[in-house]
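I opened my notebook today to look around one model.

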Amino acid sequence: MFDKLNVEDAQERIRPFVNATPVLTSSYLNDLTGKNLYFKCENFQKTGSFKARGALNAILKARSSGHVTGVIAHSGGNHGQAVAWAAKQIGVPCVVVSPSTTPKTKVDAMRDYGAEMVITEPTMTAMVETSARLAKERGYTFIDPMNDYDVMSGQGTVAKEFLEQVDGLEAVLIATGGGGLASGVAGYVKAQKPACKVFCVEPAGKDLQRSFEAGRRLTEYGKLIDTVADGCRPLAVGDKCFDVLLRSAEHTVFPVTDEEILEAMKLILQRMKLVVEPSAALGLAAILKYKDALKDYHNIGLVLCGGNVDLTQNLGKHE
């Protein structure tokens with residue numbers, strides 16, 4: 001295990017609060033892909049995504065090191081919900097800075113968990129600067145959405161559970177936005193089961209593979225890409241995340257288009273009867289697209305990273 005990740009301690013810390021999510025299968029999708037697919041259902045996690053793991057671990061770890069008067073985060077939705085929920089568990093106030101493009105369902109959910117919402121321009125720069133200013137003014141602890149080893153360790157508990165639940169995994173495909181989940185999972189799997197390979201899947205336009213090939217990040221941190229997978233919008237992964245990924249993930253990255261993501265999302269809904277957000281469908285989209293590249297892997301794990309989809313886009317007209 002990389003010395004800055006501690007997944008075992010994170011699991012003990014968060015275990016009383018989070019769900020040990022199930023792994024489901026689909027005979028139809030197995031037949032369609034010619035693989036044995038195992039879906040780790042983080043859409044059933046507290047707040048509807050894996051983000052609850054990392055946010056809670058970071059807050060509990062910070063509290064154990066000193067007094068936490070409040071927490072602040074910047075997020076397009078899932079991290080903000082997770083931080084707001086985690087803050088509520090330990091009884092401290094929470095502020096979430098969100099871009100104006102955040103789906104209404106996620107803004108409403110963050111408020112419902114008790115967060116004070118601050119809306120900014122839809123850029124990483126605006127969110128980072130606003131969060132830093134408010135954290136300084138109020139004396140709150142900032143909880144990074146991905147580029148923090150305590151957050152990564154919390155997300156890595158997904159991998160610890162997955163390896164305990166499924167014997168013989170040969171590969172795991174992970175949707176990659178800012179890199180917190182991918183680095184936590186890849187770091188743990190590399191340390192505990194190096195024969196199992198972890199691949200990053202990204203929305204088209206992110207181009208993480210060029211950075212892997214160069215051995216350094218080539219994309220500018222702070223920019224967002226236009227994709228239906230709103231949980232994967234950061235153009236660059238965090239520098240700490242990149243360091244872990246460079247050493248632990250495969251350097252073949254699978255980009256998928258919006259159309260491919262939506263088709264995979266539809267298959268998951270129709271065949272598995274699971275509501276997932278677009279980011280959760282990236283793994284299946286990659287398996288359907290990159291059959292040759294994955295031909296040597298038969299038992300493949302996919303993380304359904306979240307289920308916070310805005311159903312009002314389709315159902316609101318019937319209200």
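**Ground rules**

I am working with a predicted model, in which local features need pLDDT of at least 70 and side-chain atom pairs count only at pLDDT 80 or more, while totals for chains, interfaces and linings use all residues. Residues are numbered from 1 along each chain as its sequence is written, and side-chain values use heavy atoms, with hydrogens and water left out.

**The annotated domain**

I looked up the record first: an unreviewed UniProt entry lists residues 15–306 as "domain: Tryptophan synthase beta chain-like PALP". UniProt positions are given in the numbering used here, feature names are shortened, and annotations may be inferred rather than shown by experiment. Over residues 15–306 I read 44% helix and 16% strand, with the end C-alpha atoms 19 Å apart. Helices (H or I, at least four residues) and strands (E, at least two) are DSSP runs, numbered from the N terminus.

**Helix 8**

I checked the length of helix 8 (residues 180–192) next. Its 13 residues should span 18 Å at 1.5 Å a residue, and the end C-alpha atoms are 18 Å apart, which agrees. The expected span is 1.5 Å times one less than the number of residues.

Is helix 8 enclosed or open? Ten of its 13 residues are buried, so helix 8 is largely enclosed by the rest of the structure. Buried means under 20% relative accessible area, exposed over 50%, and partly exposed in between (1.4 Å probe, protein chains only). Among the buried ones I noted G180, L181, S183, G184 and Y188. The buried residues of helix 8 pack against helix 1 (7–14), helix 7 (149–165), strand 7 (171–175), strand 8 (197–203), helix 10 (239–248) and strand 10 (299–304).

S183 counts as buried at 0% relative accessibility. Leaving out residues up to four places away in sequence, S183 touches L5, M152, C241, V244 and L245; contact means heavy atoms within 4.5 Å.

From the helix 7 side I took G156, which is buried with a relative accessible area of 0%. Beyond four places in sequence, G156 touches V7, G184, V185 and Y188. G156 and G180 are 24 residues apart in sequence and 8.7 Å apart in space, C-alpha to C-alpha.

**R53**

I then moved to R53 in helix 3 (residues 51–65). Is R53 buried or exposed? R53 counts as buried, at 0% relative accessibility. Its contacts, not counting residues up to four places away in sequence, include K40, E42, Q45, G154, Q155 and E161. I also noted that R53 and D239 lie 186 residues apart in sequence and 21 Å apart in space, C-alpha to C-alpha.

Most residues other than glycine have a negative phi. T47 has a positive phi of about 65° although it is not a glycine. I found T47 in the loop between strand 2 (36–41) and helix 3, where T47 counts as buried at 7% relative accessibility.

D207 also has a positive phi, of about 60°, and is not a glycine. D207 sits in the loop between strand 8 and helix 9 and is partly exposed, with a relative accessible area of 32%.

**L224**

L224 lies in the loop between helix 9 (208–214) and helix 10. I read it as partly exposed, with a relative accessible area of 23%. L224 touches P122, T123, M124, R233, P234 and L235, not counting residues up to four places away in sequence.

**Two helix pairs**

I finished with helix packing. Axes are lines fitted to C-alpha atoms, for helices over the stretch in contact, and angles run from 0 to 180 degrees between N-to-C directions.

Helix 4 (residues 78–90) and helix 5 (residues 104–112) pack at about 10°, with axes 8 Å apart. That makes helix 4 roughly parallel to helix 5. Angles under 35 degrees count as roughly parallel, over 145 as roughly antiparallel, 65 to 115 as roughly perpendicular and the rest as oblique.

The axes of helix 11 (residues 258–272) and helix 12 (residues 282–289) come within 8 Å and cross at roughly 105°. Helix 11 and helix 12 are therefore roughly perpendicular to each other. E260, I261, A264, L267 and I268 in helix 11 meet L282, L284, A285, L288 and K289 in helix 12.
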